[in-house]
Amino acid sequence: MATSKKLISREEWEKRLNNVKIRKEDMNKLVMNFLVTEGYVEAAKKFRMESGTHHIDLATITDRMAVKKAAQCGNVEDAIEKINDLNPEILDTNPQLFFQLQQQRLIELIRNGKVEEALEFAQEDLAPRAEENQSFLEELERTISLLAFEDTSNCPVGELLDISQRLKTASEVNAAVLTSQSHEKDPKLPSLLKMLIWAQNKLDKKAAYPCINDLSNARIEDPTF
């Protein structure tokens with residue numbers, strides 16, 4: 001069956017790509033944005049030296065990663081203390097994040113079998129906030145319901161005890177700290193790669209052209225019908 005797709009040779013494709021001018025400085029900023037946002041401090045230091053990319057305070061990465069690691073490990077009180085050391089306004093102006101951290105602290109108490117301490121903490125620290133916010137109240141009720149199950153593997157809200165819940169909280173903390181430091185909370189590079197995949201999927205319907213099928217090596221493969 002004949003195809004109506006247009007065939008674009010590698011030579012023609014590369015000629016078109018060569019007409020697209022991208023400054024090396026912009027590429028370096030894109031890479032540095034990824035390293036800073038994701039917290040690869042040693043890689044960022046090395047890349048800054050090699051690329052000459054300046055105006056980046058790498059010390060803030062180390063501090064932010066310490067906060068994120070504390071949250072990932074379930075050390076919520078330590079995470080809150082480190083956040084306040086960085087910038088007290090982060091939690092003062094973000095009640096949603098503060099409640100999420102306190103909810104995670106309650107989850108950790110339940111995980112460690114500290115039932116009485118968990119109930120006391122919920123009543124004294126979380127309940128007053130939940131009374132003023134319906135979504136907070138619902139999350140508090142979900143978390144407290146963990147205590148009704150001896151076997152949390154059969155609990156309908158057992159996912160709260162999954163490590164993924166810690167990672168979610170840590171991610172929200174990381175985003176808030178980045179915003180407070182005037183950084184974007186998400187790196188640009190993954191978004192650009194998603195745009196590349198989207199564009200290739202659209203173009204696949206109209207043409208056969210050299211494309212990147214494996215993003216891990218970014219190798220351009222010859223077109224096939």
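At 45% relative accessibility, A218 counts as partly exposed. Here buried means under 20% relative accessible area, exposed means over 50%, and partly exposed lies in between (1.4 Å probe, protein chains only). A218 sits in the loop between β3 (211–212) and β4 (220–221). Helices (H or I, at least four residues) and strands (E, at least two) are DSSP runs, numbered from the N terminus. The phi of A218 is positive, about 55°, although A218 is not a glycine. Most residues other than glycine have a negative phi.

The model is predicted: local features need pLDDT of at least 70, side-chain atom pairs count only at pLDDT 80 or more, and totals for chains, interfaces and linings use all residues. Residues are numbered from 1 along each chain as its sequence is written, and side-chain values use heavy atoms, with hydrogens and water left out.

S182 also has a positive phi, about 65°, and is not a glycine. S182 is in the loop between α10 and α11. S182 counts as exposed, at 70% relative accessibility. P156 occupies the loop between α9 and α10 (163–180). The relative accessible area of P156 is 63%, so P156 is exposed. P156 and K6 are 150 residues apart along the chain, and their C-alpha atoms are separated by 53 Å.

The UniProt annotation "domain: CTLH", from an unreviewed entry, covers residues 60–117. UniProt positions are given in the numbering used here, feature names are shortened, and annotations may be inferred rather than shown by experiment. Over residues 60–117 the chain is 83% helix and 0% strand. The end C-alpha atoms of that stretch are 34 Å apart.

The largest nonpolar core has 17 residues. A nonpolar core is a set of buried Ala, Val, Leu, Ile, Met, Phe, Trp, Tyr and Cys residues joined through side-chain atoms within 4.5 Å. L106, L126, L140 and L146 touch the most other members. Helices α7 (95–111), α8 (115–130) and α9 each supply at least two residues of this core. Apart from it lies another core, of 12 residues, among them V67, I83, V173 and A176. In soluble globular proteins, nonpolar side chains tend to be buried together. Contact means heavy atoms within 4.5 Å. Leaving aside neighbours within four places in sequence, L140 is in contact with F99, L106, A122, L126, A127 and A130.

T143 lies in helix α9 (residues 134–144). T143 counts as buried because its relative accessibility is 0%. The side chain of T143 makes a polar contact of 3.0 Å with the side chain of Q103. A polar contact is a pair of N or O atoms within 3.5 Å; within protein, one must be able to donate a hydrogen and the other to accept it, and residues adjacent in sequence count only if both atoms are side-chain atoms. A polar atom of the T143 side chain also lies 2.8 Å from the backbone oxygen of E139. Beyond its neighbours within four places in sequence, T143 contacts Q103, L106, I107, I110 and L160.

I107 is in helix α7. I107 is buried, with a relative accessible area of 0%. Neighbours within four places in sequence aside, I107 is in contact with T143, L160, L161 and Q165. R166 is found in helix α10. With a relative accessible area of 13%, R166 is buried. Not counting residues up to four places away in sequence, R166 touches A71, Q72, C73, G74, Q104, E108 and R111.

Helix α2 (residues 24–38) packs with helix α11 (residues 188–204) at an angle of about 115°. Their axes are 8 Å apart. Axes are lines fitted to C-alpha atoms, for helices over the stretch in contact, and angles run from 0 to 180 degrees between N-to-C directions. L30, N33 and F34 in α2 meet K188, L189, P190 and L192 in α11. The residues of this contact comprise five nonpolar, one polar and one charged. Ala, Val, Leu, Ile, Met, Phe, Trp, Tyr, Cys and Pro count as nonpolar, Asp, Glu, Lys and Arg as charged, and the others, Gly among them, as polar.

Q200 also lies in helix α11. Q200 is buried, with a relative accessible area of 14%. Q200 is in contact with Y209, C211 and I212, leaving aside neighbours within four places in sequence.
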